[in-house]
Amino acid sequence: MSSLSEHPGQQDYEALLQFLYMAPVGLVQLAGDGAIHMLNPLSAQLLMPLSPDGGLTNLFDALSPVAPDLRAQCAAFGAEQGAICDAARLYLRAQDSGQGPQVLSLSLLKLDRNRLMAVLSDVTLQDRRERQLRRTDAWLNAIMTNIADYALVSLDSGGRVDGWNDSIQRVTGFDARIQGQPYALFYPPGATTPEQQLERLQEADQNGWTLDEGLRQRADGSQFWGSSLISPLPGRGAEEAAYCLIIRDISDKREISENLRQATYCDYLTGLLNRRAFFEAGERELLRRHKVPRPLALLMLDADHFKAVNDTYGHPGGDAVLRQLAQTMKSVCREVDVVARLGGEEFAILLPSVDQDAAVAVAERLRAEVQRTPAGFEQRMIHYTVSIGVAMLDEHMHGLDELIKLADQALYQAKRNGRNRVRRGAPSQPSE
Amino acid sequence: MSTTISFSQPDLLPLLESMDEAALNALDFGVIGFDAEDRVRRYNSCESQAAGLGAERVLDQHMFMVVAPCLNNFLVAQRFEDARAEGSVLDETIHYVLTLRMRPTKVRLRLLCQPGDGLAYVLVQRL
């Protein structure tokens, strides 16, 4: 065995090998098409759970379930060398299941035409800390920044407008007749549900405040970008106002926050929410269920025979189909619904406050609409269909992953039964 | 010692325990034995050559932190941890990709562990 160490230089070589074996960060060298040439053990540790059965022969393939656009992103990168992505976050799963990291960071550097280097690391904990910080930031932002104009609204315990004042008129244009109406009247139609409004109040009770940013509506129907802070009023009696709602018009800041939001939460190709946004929204819904039980439906959908579309029309044709599908999904959904692309041709929609029959009806409407609306591509029309699995969150489920699994099973049934159809997940049995 | 011992033969663990270093070195698959503290105690020459590391660099080192960080996940390390916590027998063979000399290498891994004081083993067969 000592023969390995006899040659001069051999010790250096072994030390170098061991240095790479032990490096606490994943390093991969790959070809332009993603083929892996070299990788160190930590890369394998991070990547193997993504594809326990597949070999690590191609990095784009290995990461395709969580970063479907990587190949396209590299192809679109025109420069001879440079950073293709820098510490991009990849979201592997919704919750901590003990099955490896939840969030990976990926940097990709182009060295020359046919050589790339990737750096991978597990940033699960860092991501969690940052999310906490973002919440604090949003709060500080709401109270510290320019508050030149704001509407101050008092609400009763049920969230109805309790008193009217000049500031409401100034910012929203509503007059005193709005007294007694739910505060949803400041939101565009479909942007909130009665359940969601009550939950905000409960969140305010528990945390001392609740904040959300989004479109608001004035009396004349025009819209503006606003931030709403709700806070419980201390020492209130039964007959007095229970909450204070502050609405600020932050339209001038919208561009900044929207750009940031897009970069972080939007899918590169379709403009829908990405995996990260979907998981975060799903977690929020699940947390809410502990406070107020309400139905939550999940649709998982998949473009049928998508590989054939790619084979026939090429990837740009496939992309056109995915974009059209995203449009159609948006057209049948409410603003409060969470519409996301999870990867490849796999999409999901969370429908808050929707029971099973209604969810199946939405799915059926979507399926029919997709069949009716082909995607336009180079003066041709690509006809395609989707299969949809529907699942309802029930009290026995422990997390979002279980709901996703049930919807996935239903989707699989829809595929097996001939595609272009909707199937609902079998209601789960109580586990104990 | 007969050299007909194969990677997949049943009841391999007691056999490995009874083999001396020369017999381990004669095997045509990699053998890494580690104790309850995950310190590597045995490392045969097949594995040493494949990894490009002399045994002296590996013996006494931590199995999942230093020697084989690529196995430090729920597919491998977790299985040993669970088997030890439950006091159960572990004998599973899985397909895996190792990074021997930083080259992705398809292998079969056999994970062996029994309750008691004996070593746990990872066996590596290159495909």
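Predicted model: local features only at pLDDT ≥ 70, side-chain atom pairs only at ≥ 80, totals over all residues.
## Chain B

Chain B contains five helices and five strands. Along the sequence, these elements of chain B follow the order α-α-β-β-α-α-α-β-β-β.

Chain B has 127 residues, and 39% of them are buried. Consider the contacts in chain B between residues at least 6 apart in sequence: 37% of these contacts join residues at least 24 apart.

## Where chain B touches chain A

On the chain B side, 25 residues are in contact with 28 residues of chain A. Three elements of chain B each supply at least two residues of the side that touches chain A: helix 3 (45-51), strand 3 (90-100) and strand 4 (103-113). Strand 3 of chain B gives the largest share of that side, with five residues.

Sorted by class, the side of chain B that touches chain A consists of 13 nonpolar, eight polar and four charged residues.

## Helix 7 of chain A

Helix 7 of chain A covers residues 194-207, which is 14 residues.

Within helix 7 of chain A, the buried residues are Glu199(A), Arg200(A), Leu201(A) and Ala204(A). An α-helix has 3.6 residues a turn, so residues three or four places apart point the same way. Just after helix 7 of chain A comes Gly208(A), which has a positive phi of about 90°.

Notes
Residues numbered from 1 in each chain as written. Chains lettered and ligands numbered in written order. Contact = placed C-beta atoms within 7 Å. Helix = DSSP H or I, 4+ residues; strand = E, 2+ residues; numbered from the N terminus. Nonpolar A, V, L, I, M, F, W, Y, C, P; charged D, E, K, R; others polar. Buried ≥ 20, exposed ≤ 12 C-beta atoms within 10 Å, placed from the backbone. Expected span 1.5 Å × (residues − 1).
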